[in-house]
Amino acid sequence: MKLKTQYAKRLFSWTLLIVALFAGSLVVVEQREERLSMFNVLTSKLDAYNRLIETSYRAGQLDSVALVLPQDLRVTIVKNDGEVVMDNEAGSVSSMENHNMRPELREARFNEYGTAKRMSTTLNQEFLYYAKYYDEFYVRTALPYDMELQSKLKSSNHFIYVSIFFFLVMAVFVYLLTKRYDRMLAKLNDLVSEIASDDFVVEDAMKIKDLDVVSDQLLTILEQKEDSRKRIEEAQRRLIQHFKLSNTGIALFQKDHKTQYANTHFIQYANMLATAPITDANQLINEPALLPIKRFVEDESEWHNTSMTISHSNRIYEVKALKSGHGSYEITIEDVTEQEKNRTLKQEMTSNITHEIRTPLTSIRGYLEMLKFMDLTADKQREFIGKAYNQVLRLSEMMNDISLLSKLDEEARPFEFQPVNLHQVFEEIRVAYLTKLSEQGDTFVNNLPQGLEIMGNHSLLYSIFQNLVENSLRYAGPNVRLELNCYHQDENHLFFSYFDTGKGVNESQLNRIFERFYRVDGGRTRENGGSGLGLSIVKNAILVHGGQVQARLHQSGGLEILFNLHR
């Protein structure tokens, strides 16, 4: 089987090369040391021969020593000046040239001994020379550098064979080890490819378990990545679910305006703003009305968000754009028609409140200035004080009504609901206004069954009936009939009719009498006092109790209020 990965091939090649170099170096060093050792043994023998020859030469017994010397040993004695005195291989020394420049003699001159392997000019044969200096002369011995001597100096090949054997064993071992890691690296490479393509599961990572520490760390990383991926997918799922349920149109785009995601509300609003039907959300960016948004998303400035409002088909839309990294962006479209209406309504209400408060305050200030700066009789003083007091009462009532309306406008404000007897509540109001009813000659009729109950807020229900009765007492005129009936019931609602037989209103104004601070012309005018908020409080309190309200002219000519309350 061949190695699959390039890394394994390189690892095997480099490891094998290093082992080969190491083994070769060992062989070279061992051969060199072995040859040096053999050469030292040989020179030691020659040195012994030289000492023996030197002693015999000085004693004049050189001939007797020649008998114990090897037959192939060449012996030469040379004077200090290089003149050859004796050479056992040469016939006559007189014909021999001066040896002063022989390398072995020059070396021996400075190191006591010298060696050289060279061709003999006298015998025309290669010798291994060993010379030693003895002050007055040199003793030089030599052996023919023939096959026998070469074999003696030649190192043994056993170490080479052993080295080759271990090199082969090591090569096989390295190959098997590299093959093992090659399989692991191949698995790791496959796993990395799966990870890169997000096509993996944590269980697949177990196939690299034999990578020991690396595998443990990689498995930990993969488990963390898998956990992160699941959390991201869950977050994306929740985010997309939120987008789907949101009333806001949301769309995500890439840098080239390609749509990544768009919910149904975005497609719906986009078609409301587009000049022609669109099927892909990215078509909206090219609409003339969205030109500022397009310029913004294509601008490379540091601004990250912008917004604009567009009026179309009696609706108001707020369009927002948010840029994120790498040129991607998102656009949201929200129908803010109701918010704009509420904002306008609040502005109008603030203006009306300011206007309504200014009137009694101006009156109070006028009365107090007359009391302070004018010399009035006691009767006039009492008259102006009474008028100022009435304006204070009117201002106090107005502030109470405004406070109640503010509470009703707070949708999240919790109102405590409990069983409330409606007949008893209406009776409480009759008792509270008994004196005024008597003064105006009005008739108060409570036709509600005595045990009629609903789950509601007692304070708000009291405000409904109180403001209905006050409206009649204030604007209907004297000698009228005030009557409350429950004309129908079902499983969920109770249906009521309240009317007075006094002065009615113009039929064209019936749809506006529940507006805040709205007053009708004719008999029901601000001359009779009031804040202009009573029927608005009635409407909002009924809405809190899950009901609806409307007004019509009663057959007697007075005003009739029809409403229902959730049981």
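Predicted model: local features only at pLDDT ≥ 70, side-chain atom pairs only at ≥ 80, totals over all residues.

Me: Which residues have the most contacts inside the largest nonpolar core?

Reply: In soluble globular proteins, nonpolar side chains tend to be buried together. Here the largest nonpolar core has 40 residues, and Leu422, Phe465, Phe496 and Phe563 have the most contacts inside it. Elements giving two or more residues to this core include helix H11 (422-432), strand S15 (493-500) and strand S17 (559-566). Helix H13 provides the largest share, seven residues. A second, separate core has 22 residues, among them Leu273, Leu284, Ile310 and Ile333.

Me: What does phenylalanine 496 touch, leaving aside residues up to four places away in sequence?

Reply: Its contacts include Leu422, Leu448, Leu452, Tyr487 and Phe563.

Me: How many salt bridges does the structure hold?

Reply: Side chains of opposite charge can pair when their charged atoms come close. This structure holds 20 salt bridges. In one of them, arginine 231 pairs with aspartate 227, with the closest N and O atoms 2.0 Å apart. Both residues lie in helix H6 (residues 213-245), four residues apart, about one turn of the helix.

Me: Which salt bridge links distant parts of the chain?

Reply: Aspartate 335 pairs with arginine 315, the closest N and O atoms being 2.8 Å apart. Aspartate 335 is in strand S10 and arginine 315 in strand S9, 20 residues apart.

Me: Is arginine 102 buried or exposed?

Reply: Arginine 102 counts as buried because its relative accessibility is 11%, under the 20% limit. Its salt-bridge partner is glutamate 97, which is partly exposed at 44%.

How values were computed: Residues numbered from 1 in each chain as written. Heavy atoms only, no water. Core = buried A, V, L, I, M, F, W, Y, C linked by side-chain atoms within 4.5 Å. Buried < 20%, exposed > 50% of the residue type's maximum accessible area, 1.4 Å probe, protein only. Contact = heavy atoms within 4.5 Å. Salt bridge = Lys/Arg side-chain N within 4 Å of Asp/Glu carboxyl O.
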